[in-house]
Amino acid sequence: MNYFLAKNYLDEKKVEWKPMRDGAGIGMAELGETAKDMVVLGADTIESSRAHYFAKKFPERFIQCGVAEQNLIGISAGLSYQGKVPYAVTYAPFLIGRPWEPIRTIIAYPERHVVFVSSHAGLATGPDGPTHQMTEDIAITRCLPGFTVIAPADYEQARKAVQAAYSLKGPVYIRNAREKTPLFTTEKTPFEVGKAQVLREGKGATLIGHGYMVYRLLQIAEELKKEISLEVINLHTIKPLDGKTILASAKKTGRVFCAEDHNVIGGMGSAVAEFLSQKHPVPMKFHGVQDIFAESGSVKDLWKKYGLDKAGTKKVLLEFLKR
Amino acid sequence: MKQDYTITELEKKANEIRQDIIKLLVKAGSGHSAGPLGMADVFAAFYFRVLKHDPKRPAWKERDRLILSNGHICPVRYTAMAHAGYFPKSWLATFRKINSKLEGHPSFKKISALETSSGPLGEGLSQACGFAMAAKMDGMQHTYHVWCVTSDAEHQEGMTWEAAMFAGKNRLNNLTVIIDRNNIQIDGYTEDVMPLEPLREKYEAFGWHVIDMNGHDMAEIISTFQEAKAIAEKPVCIIAHTIPGKGVSFMEKDYKWHGVPPGTAIPGEPEKEKQAQIALRELRTLGKKIEAADLD
């Protein structure tokens with residue numbers, strides 16, 4: 001399948017770097033033109049979580065909730081009952097973590113179509129520190145019945161994801177990082193919610209990631225191509241899980257390496273393991289945030305110290321492949 | 001539907017609802033007694049006089065929205081809805097049982113006319129604000145009204161005050177909150193557990209118009225609700241002063257009856273086997289004020 005990836009995308013210096021949160025913000029502002037029942041809600045973080053593009057364009061359909069995230073959820077629920085399609089936008093720990101029980105009770109249980117768009121997911125949040133680096137959001141959204149959980153791989157995919165979410169049913173979470181990350185897909189790259197993307201085919205092992213870690217995996221697969229042929233899957237939709245694609249790949253390669261900027265407990269790797277352990281058990285490795293709270297620092301320093309950069313990821317992968 | 005019940009008819013309806021609440025709770029073997037009995041007058045007023053609604057068309061766009069925030073008092077809402085014709089009265093006997101549409105706490109997915117799901121406290125007023133905002137966006141604020149019933153103790157939840165602040169800022173004059181000021185909660189009296197007063201001044205400070213109301217005086221309930229709809233410049237808060245367990249002498253004003261049904265062994269209370277019988281007899285005769293025969 002042709003994914004129309006960017007020209008020379010594997011070269012970090014040549015590829016453009018843009019934040020996913022910008023893609024999500026611009027995607028919402030574009031969608032607002034045709035989606036007249038769409039309402040965006042912010043909670044005092046509208047510029048940094050990029051809700052301001054929509055707010056400036058459609059002030060009559062933007063609601064400022066102030067620093068009151070439980071109320072943000074309640075207002076969204078109320079609007080959804082009245083036929084609106086609310087997009088609740090703020091930082092991941094405040095959007096998903098702080099009001100989790102209201103999300104469970106008044107959004108998920110009554111199957112409300114509310115779209116949650118975050119920024120500040122993962123260590124890629126940087127110097128704000130562990131209070132703002134949300135590394136548990138996938139775990140606590142995917143355990144709620146009926147939730148769709150999407151972690152776009154880059155700016156362009158974030159833009160497409162917020163637009164695709166409009167026509168889904170029930171609650172949708174779209175997880176975005178704050179930092180600039182490589183923009184390796186293009187406008188022409190297809191995106192279908194629930195359909196994993198085999199961006200690179202191989203036979204020696206399957207590498208699965210979400211978010212910007214997909215780019216790392218593609219780079220590593222290229223670097224190791226003389227030693228081993230590696231399959232790379234962009235699992236942008238963590239729920240519902242594309243079991244068919246994962247199963248076919250695991251059967252072909254016989255081992256699976258998962259990488260994500262999220263706690264290894266409960267994240268994408270766990271979702272893949274829950275599935276494969278029952279359908280086709282294979283050796284697996286879970287690379288990610290190893291059940292710790294990190295610290296302040298530049299994103300690059302955090303990636304390096306906690307092993308989420310290319311070198312750190314490659315090291316863990318090579319150890320796994322030696323087993 | 002017929003919404004022209006007289007005050008006397010409404011009082012009689014409230015009393016019927018109370019009797020059915022007792023029967024429903026006894027059948028269920030669990031559930032909340034005090035709050036539902038205390039709010040029977042308010043719910044009779046809503047479903048038989050005040051609400052713009054049609055039980056045969058629960059999705060009618062122009063209906064008033066009634067959001068029940070303190071979901072645990074659902075026995076009163078279920079009973080009032082059954083009397084109004086939303087579903088057969090036979091459903092009341094299935095409350096809290098497997099395969100029933102009458103969940104222990106209200107489920108929108110089971111009965112859409114409930115408008116929302118509720119149970120965990122403090123979450124209704126936010127949603128009511130969302131309903132009211134949407135009505136304004138659609139230019140429907142004069143077509144229907146948004147009502148939100150809350151308990152007093154759920155004003156210990158921060159989320160309630162987030163919503164109160166939001167409604168004040170946005171001047172949601174199409175929204176009325178009713179606080180069931182019955183002064184009890186699970187662990188005791190509200191002012192002992194976590195004082196709420198001065199409730200009126202708090203709401204006023206948040207930009208609301210506040211009205212105190214005797215929640216058992218039917219004429220006052222009707223006139224207060226009409227007044228609330230007429231206030232144009234602010235959201236309205238009605239503090240409904242009610243007696244928890246109203247109509248059943250051994251339950252009245254006793255927090256121990258917050259979360260248990262008749263038939264519960266409680267020290268100092270009537271024998272558990274006789275509680276339902278006593279309660280029903282008292283309700284039928286309005287505490288011996290009238291002959292049972294007059295009610296039939």
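Reader: What separation do the centres of domain 1 and domain 2 of chain A have, taken over C-alpha atoms?

Author: This is a predicted model, in which local features need pLDDT of at least 70, side-chain atom pairs count only at pLDDT 80 or more, and totals for chains, interfaces and linings use all residues. Residues are numbered from 1 along each chain as its sequence is written, and chains are lettered from A and ligands numbered from 1 in the order in which they are written. The assignment, automatic or from a database, gives domain 1 as 17-182 and domain 2 as 197-322 of chain A. Over C-alpha atoms, their centres are separated by 25 Å.

Reader: How many residues of domain 2 of chain A are in contact with domain 1 of chain A?

Author: Contact means that C-beta atoms, placed from the backbone, lie within 7 Å. Domain 1 of chain A contributes 26 residues, and domain 2 of chain A contributes 31.

Reader: In which order do the 7 strands of the open sheet in chain A stand?

Author: Strands (E, at least two residues) and helices (H or I, at least four) are DSSP runs, numbered from the N terminus. Two strands pair if DSSP finds at least two bridges between them. The pairing in this sheet is mixed, and the order in chain A is E3-E2-E4-E5-E7-E6-E12.

Reader: Why is one side of strand E3 and of strand E12 of chain A left without a neighbour in the sheet?

Author: E3 (62-64) and E12 (237-239) of chain A stand at the edges.

Reader: Which residue of E3(A) is the bridge partner of Val40(A)?

Author: Strand E2 (residues 38-42) of chain A runs parallel to E3(A), joined by 3 bridges. In E3(A), the partner of Val40(A) is Phe62(A).

Key:
Contact = placed C-beta atoms within 7 Å.
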